[in-house]
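Trainee: I should like to work through this structure by question and answer. May we begin with a helix and then turn to the aromatic rings?

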Amino acid sequence: MDEKILKKPVASCLTIFAILIMVHGFEAIVLRMDETVIGENFINKVFGIVLLCIVLNLINWKWSDIGFARNGFTKSICLGFALAIISFIVSYSIEIFILRSQGKVTDFGVFTTGFSLTGEAEVHRGIGFILMCVFFNIINVLMEEGTFRGLFNKLVATNHSIKFALVFQAVLFGIWHIVTPLHNLIDGDINLVAFVGLGVGYIILAGLMGIKWGLMYQMTGSLYAGMADHFFNNCIATNLLHVVTESGIDEMMIIRVMVAQLLSFVIVLTGWKRLKRDAIKLPYPNEEEN
């Protein structure tokens with residue numbers, strides 16, 4: 001089994017991805033755990049971590065082999081959070097400026113909600129919900145970064161170029177997020193045209209995020225910087241820290257997320273190109289392309 005996985009890494013990753021997205025879709029569309037008091041589709045993330053453990057065991061890899069390095073943990077975490085904080089300060093400022101230019105009074109609110117394309121996410125208040133939100137988002141970044149930037153990236157890079165591996169995992173990560181607009185389509189919240197538009201946009205944005213976090217892996221040699229940035233985007237800027245007006249909550253969240261992600265993408269890409277230009281050896285384990 002281990003030889004089959006390593007000899008055909010692309011096919012192996014596609015098979016693993018197919019299993020993961022079926023579980024993801026089943027939970028989001030059938031079980032709908034995000035509509036329960038828990039407020040989060042967490043089963044597919046726990047399943048993904050278990051599957052990741054099984055695959056690593058089959059191919060005799062350690063967690064450190066896919067980016068969970070022991071060295072530089074604190075530095076990488078701080079780097080990721082710094083990138084996220086800077087980017088979201090800019091995006092929150094732009095969001096508030098636009099809202100105030102429309103004559104609206106803005107304020108910040110700290111409570112939990114899930115991400116919604118239709119602006120109908122349920123609000124939960126209380127420390128218990130906040131702690132659950134933090135916990136589930138930690139599980140989320142462990143699974144997604146460990147699987148896409150870790151396993152898929154490293155596995156494909158064993159017999160393909162790093163550039164191909166980077167794009168490959170980013171495309172799968174983009175497709176992974178199609179479940180959200182599909183959920184809205186099935187519920188009748190959006191029509192087919194809106195689904196196609198939102199789906200394509202979602203895939204592109206998530207794909208760019210996947211490339212950004214993949215480059216951060218190459219630059220730091222670990223997944224932790226990307227995990228910190230990913231966690232801040234999902235937990236703080238999407239689920240916890242909200243912009244409130246008299247007419248609603250997070251009316252321009254999509255602008256907030258897009259601006260922050262595009263800005264941070266440019267920052268990371270610029271830094272990566274500078275390292276390459278200055279011939280600085282990147283710490284990524286497979287820095288030489290095949």
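Mentor: This is a predicted model, in which local features need pLDDT of at least 70, side-chain atom pairs count only at pLDDT 80 or more, and totals for chains, interfaces and linings use all residues. Residues are numbered from 1 along each chain as its sequence is written, and side-chain values use heavy atoms, with hydrogens and water left out.

Trainee: How far apart are the end C-alpha atoms of helix α10 (residues 253-277)?

Mentor: Helices are DSSP runs of H or I with at least four residues, numbered from the N terminus. The expected span is 1.5 Å times one less than the number of residues. For the 25 residues of α10 this gives 36 Å, which agrees with the distance in the model: 36 Å.

Trainee: Is Phe136 buried or exposed?

Mentor: Buried means under 20% relative accessible area, exposed over 50%, and partly exposed in between (1.4 Å probe, protein chains only). The relative accessible area of Phe136 is 11%, so Phe136 is buried.

Trainee: How many aromatic pairs does the structure hold, and which class describes Phe42 and Phe136?

Mentor: Rings of Phe, Tyr and Trp (its six-membered ring) pair if their centres lie within 6.5 Å; planes under 30 degrees apart count as stacked, over 60 as edge-to-face and the rest as tilted. The structure holds 16 such pairs. The centres of Phe42 and Phe136 are 5.1 Å apart and their planes at 25°, so this pair is stacked.

Trainee: Which parts does that pair tie together?

Mentor: The two parts are 94 residues apart in sequence. Because Phe42 lies in the loop between α2 (9-31) and α3 (43-58), the pair ties that loop to helix α5 (residues 127-156).
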